[in-house]
Amino acid sequence: MMNPRQLTFVREYRGYSQTELSSKVKGLSQSNLSKFEKGVGQLSDEVKQRIIDFLGFPKDFYEQSISNNVENAHYRKKLGIGKKEKEYIERSNKLIGYIIDQMAGSIDFPKFSLRTMDLEEGYSPEYVAQFTRRLIGTTEGAIKDICSVLEKYGIIIVEQYDYGEGFDGVSFITDGGFPVMIINGNRSNDRKRLDIAHELGHILMHLFPNIAIPSYRDKEKEAFRFAAEFLMPEKEIKSSLLKLKLSYLIPLKQCWLTSMAAIVHRAMDLDCIDKDWYQYLNIELSRRGYKKNEPVDVYMDRPQLFFEAYNLFKTELDYSDSELADTFNLPLDVLTHFFARKPTLLRILRS
């Protein structure tokens with residue numbers, strides 16, 4: 001039986017409006033498609049099969065019910081993003097979550113073992129960041145291998161390279177209960193590290209169902225406060241930010257693996273510089289073109305779990321791409337799109 005929500009999902013992932021899809025499928029009108037997707041109309045079996053053939057997703061996929069509730073996608077407002085691109089990104093993120101849940105039937109992902117905290121119980125974002133740094137064993141300095149550290153504690157990180165500049169990142173809990181963050185792989189390393197820390201803040205403070213968030217709270221500000229403390233702890237960096245000069249920014253960037261812009265912002269937040277000096281430094285960064293492209297890239301390790309799981313299916317469980325696509329009820333082109341071969345925190349579940 002075709003789930004109307006799944007048809008909408010596939011149509012939007014493939015980039016078709018209702019009108020466009022109706023024009024491609026014989027016997028399908030936009031009116032009938034609209035009613036079907038709303039759950040108030042029916043389509044003949046022949047028309048459904050033509051839709052399935054045209055869109056390329058297996059029949060069994062339309063019988064699924066994928067939620068993967070993704071509420072915290074972050075887009076860059078100044079750049080803007082079109083409706084179709086946004087729909088594609090959001091459907092892609094949900095598919096990644098779906099694939100992770102499908103793989104979890106055979107692959108033992110690391111258990112999530114960080115501590116979530118409810119700020120309504122009196123914790124601050126800064127305290128959550130400090131506690132998490134202690135928990136992962138980074139009591140001093142920059143968190144160098146940020147991806148491998150977080151994946152060790154059960155957070156699955158996926159870089160996507162076909163998302164436009166307007167997308168920053170997203171975090172969510174899959175239908176199967178796995179915490180996932182998806183980041184824009186086209187960003188500079190310092191920006192990606194900030195995005196990862198920001199999404200980590202959401203996972204620890206906002207996403208799990210046992211945490212209730214009153215509407216008056218600003219989750220974005222809380223996540224940024226967490227990220228700043230997680231990447232640049234106040235007790236360690238503050239003395240370096242007093243009387244901050246432009247010439248200090250590159251050495252500080254190399255030390256803390258964060259952007260010059262983030263360091264300037266941190267100095268302002270910690271009252272190490274006043275508003276006038278903050279504006280002056282930002283003007284200088286803009287004048288030199290550093291707002292668009294900062295000098296000096298920083299180190300960041302690559303996330304591995306998602307690709308390691310795929311490789312285990314291929315090498316240890318002896319699946320071909322076609323077999324894996326059939327097992328997950330996905331088109332071959334969709335499955336292979338999300339994976340690239342990469343060189344393990346993972347093991348096979350044996351019955």
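Rings of Phe, Tyr and Trp (its six-membered ring) pair if their centres lie within 6.5 Å; planes under 30 degrees apart are stacked, over 60 edge-to-face, and the rest tilted. The model is predicted: local features need pLDDT of at least 70, side-chain atom pairs count only at pLDDT 80 or more, and totals for chains, interfaces and linings use all residues. Numbering starts from 1 along each chain as its sequence is written, and side-chain values use heavy atoms, with hydrogens and water left out.

Now take helix H5, residues 83-103. Helices are DSSP runs of H or I, at least four residues, numbered from the N terminus. Of the 21 residues of H5, 15 are buried, so the rest of the structure largely encloses this helix. Buried means under 20% relative accessible area, exposed over 50%, partly exposed in between (1.4 Å probe, protein chains only).

The largest nonpolar core has 54 residues; Met-103 and Phe-306 touch the most other members. H5 gives the most to this core, with 8 residues. Such a core is a set of buried Ala, Val, Leu, Ile, Met, Phe, Trp, Tyr and Cys residues joined through side-chain atoms within 4.5 Å.

The whole structure holds 21 aromatic pairs. Phe-313 and Tyr-319 pair edge-to-face, 5.5 Å centre to centre, with 75° between the planes. Phe-313 is buried at 2% relative accessibility, whereas Tyr-319 is partly exposed at 25%. Phe-313 also pairs edge-to-face with Phe-328, at 5.7 Å and 85°. Phe-328 is buried, with a relative accessible area of 1%.

Notes. Helices (H or I, at least four residues) and strands (E, at least two) are DSSP runs, numbered from the N terminus. The expected span of a helix is 1.5 Å times one less than its number of residues.
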